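Please consult the sequence and the model alongside the text.

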Amino acid sequence: MTAGLVGTALALALAAPARAGETPAAPASAAPAADAGWRLTPTGTDARFRGLAAVDRRTAWAAGSRGTVLRTTDAGRTWRDVSPPGAEGLELRDVEAFDARRAVVLAIGEGEASRLLRTEDGGATWTETFRNTDPRAFYDCVTFLDPRHGLALSDPVDGRFRVLATDDGGRSWEVRQDTVMPAALPGEAGFAASGQCLVTAAAGGPDVWFATGGAATARVFRSADRGRTWTVTDSPVPAGDPARGVFALAFRDRHHGLAVGGDYRAGQPSPRAAAVTADGGRGWTPAVTPPPAYRSGAAWLPHTRSSALAVGPTGTDLTRDGGRTWRTVDTGSYDTVDCAPDGGCWASGEKGRIAALARR
């Protein structure tokens, strides 16, 4: 499907009248034009970008394979390679950016392959602020509740998911020893596919969620106290295989959330690959019309209460009813998607693909 069609669908979503009791959509100046759509930007690399952070319409960061980090400050017209020196052997799967100068990236893998690095000067220099020394740990995602407080999630160690915490903006990290965490299921793990297996609400607050798969049931864990104590709920997204489960979460506020996933293997069916919650993740309802295939990333569209995007290797889907029904609006391959408060939306994926939601 063409960029014009995805743009038209997004423009209609953003311009749709709010229902009674809902926040009105953004003014026309903040909504995409009817001929807007995903605009691929020239990155000059074939790295795969599963980590993405949208700062605003002009500024975004992407983190990917071979230790690659890119940054743009001109709406994607140019990308600057700001990769950490010596990181070529690392798989960077998540990036959290506070602005055009400050960002934290996560490298995944067993043992010392899992690391966190921070920059305060737009990527000119990097500091390694955490290196995992436990061979049993494998960190999947990182998120920040505010510019000081952040969490990183490891697959289970001794039968429970492990949480790493910072209270100084990622300058230092420590394993949270007092975490109250339900036991993991046999085979249960997080997916480092889009930087969205561990998330906070777009509206802020103390709530944190993470999603799992690989076990008999795909589950969503929730904390209402910045990751100190957790509860867990089953989701209707199918699991039962190491390749299946919930791959990404997106919460508009502390109550309304989306879960997307499926089976990441090419050509494998992914029925019931999306679910919604209206009670903070205590209960989940399968989408009436889910995306037609595996989806690894999701994001709420700013200034709306019911519109969101989901992306995966076979396309982009749009919901205009809070995740109950989805329809495909683009067939380009993306792994993750992120939207900034000013309405700037970005998507990234394989073969150096990074796209911005263009407005003319």
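## The largest pocket

The largest pocket has a volume of about 1,100 Å³, where a pocket is an open set of points, on a 1 Å grid over the protein atoms alone, at which a 1.4 Å probe fits and which has protein on both sides within 12 Å along at least five of seven lines. The volume is the space filled by probe spheres set on the points, which are joined across faces, edges and corners. Its lining comprises 41 residues, and those closest to the centre are Thr 200, Ala 201, Ala 202, Asp 338 and Cys 339; a residue belongs to the lining if it has an atom within 4 Å of a point.

By residue class, the lining divides into 27 nonpolar, nine polar and five charged residues, with Ala, Val, Leu, Ile, Met, Phe, Trp, Tyr, Cys and Pro counted as nonpolar, Asp, Glu, Lys and Arg as charged, and the others, Gly among them, as polar. At least two lining residues come from each of strands S2 (49-54), S6 (91-97), S10 (138-144), S14 (198-200), S18 (244-251), S22 (297-300) and S26 (336-339).

## Basis of the model and overall make-up

This is a predicted model, in which local features need pLDDT of at least 70 and side-chain atom pairs count only at pLDDT 80 or more, whereas totals for chains, interfaces and linings use all residues. Residues are numbered from 1 along each chain as its sequence is written, and side-chain values use heavy atoms, with hydrogens and water left out.

The protein chain contains one helix and 28 strands, taken as DSSP runs numbered from the N terminus (H or I of at least four residues for helices, E of at least two for strands). Of its 360 residues, 60% count as buried, a term that here means under 20% relative accessible area, computed with a 1.4 Å probe on protein chains only. Among contacts between residues at least 6 apart in sequence, 52% join residues at least 24 apart, contact meaning heavy atoms within 4.5 Å.

## The open sheet S2-S3-S4-S5

Four strands form an open sheet in the order S2-S3-S4-S5, with antiparallel pairing; two strands are taken to pair if DSSP finds at least two bridges between them. S2 and S5 (80-81) stand at the edges with a single partner strand each, so one side of each has no neighbour in the sheet.

Within this sheet, S3 (residues 60-64) and S4 run antiparallel and are joined by four bridges, one of which pairs Ala 60 with Thr 72 of S4. These two strands form a hairpin with four residues between them, and Arg 66 in the turn has a positive phi of about 55°. S4 (residues 69-72) also pairs with S5 in the antiparallel sense over two bridges, with Leu 70 partnered by Asp 81 of S5. In a regular strand the side chains alternate between the two faces of the sheet. From S4, Val 69 and Arg 71 point one way and Leu 70 and Thr 72 the other, and all are buried.

## Strand S7 and its partners

Seven of the eight residues of S7 (residues 103-110) are buried, so this strand is largely enclosed by the rest of the structure. S6 and S7 run antiparallel and are joined by six bridges, with Ala 103 of S7 as the bridge partner of Ala 97, and a hairpin connects the two strands through five residues.

S7 pairs in the antiparallel sense with S8 (residues 115-119) over five bridges, Val 105 being partnered by Leu 117 of S8. The hairpin of S7 and S8 has four residues between the strands, with Gly 111 in the turn at a positive phi of about 55°. S7 also pairs antiparallel with S10 over two bridges, where Phe 138 of S10 is the bridge partner of Glu 110.

## Two buried residues

Thr 43 lies in the loop between S1 (37-40) and S2 and counts as buried at 13% relative accessibility. A polar atom of the Thr 43 side chain lies 2.8 Å from the backbone oxygen of Gly 352. Neighbours within four places in sequence aside, Thr 43 is in contact with Leu 70, Trp 79, Gly 352 and Ile 354.

Ala 356, in S28 (residues 354-358), is buried with a relative accessible area of 4%. Not counting residues up to four places away in sequence, Ala 356 touches Gly 37, Trp 38, Arg 39, Thr 41, Ala 75, Cys 345 and Trp 346. The C-alpha atoms of Ala 356 and Arg 58 are separated by 9.3 Å, although these residues are 298 residues apart along the chain.

Note on methods. Buried < 20%, exposed > 50% of the residue type's maximum accessible area, 1.4 Å probe, protein only. Polar contact = N/O pair within 3.5 Å; in protein donor to acceptor, adjacent residues only side chain to side chain.
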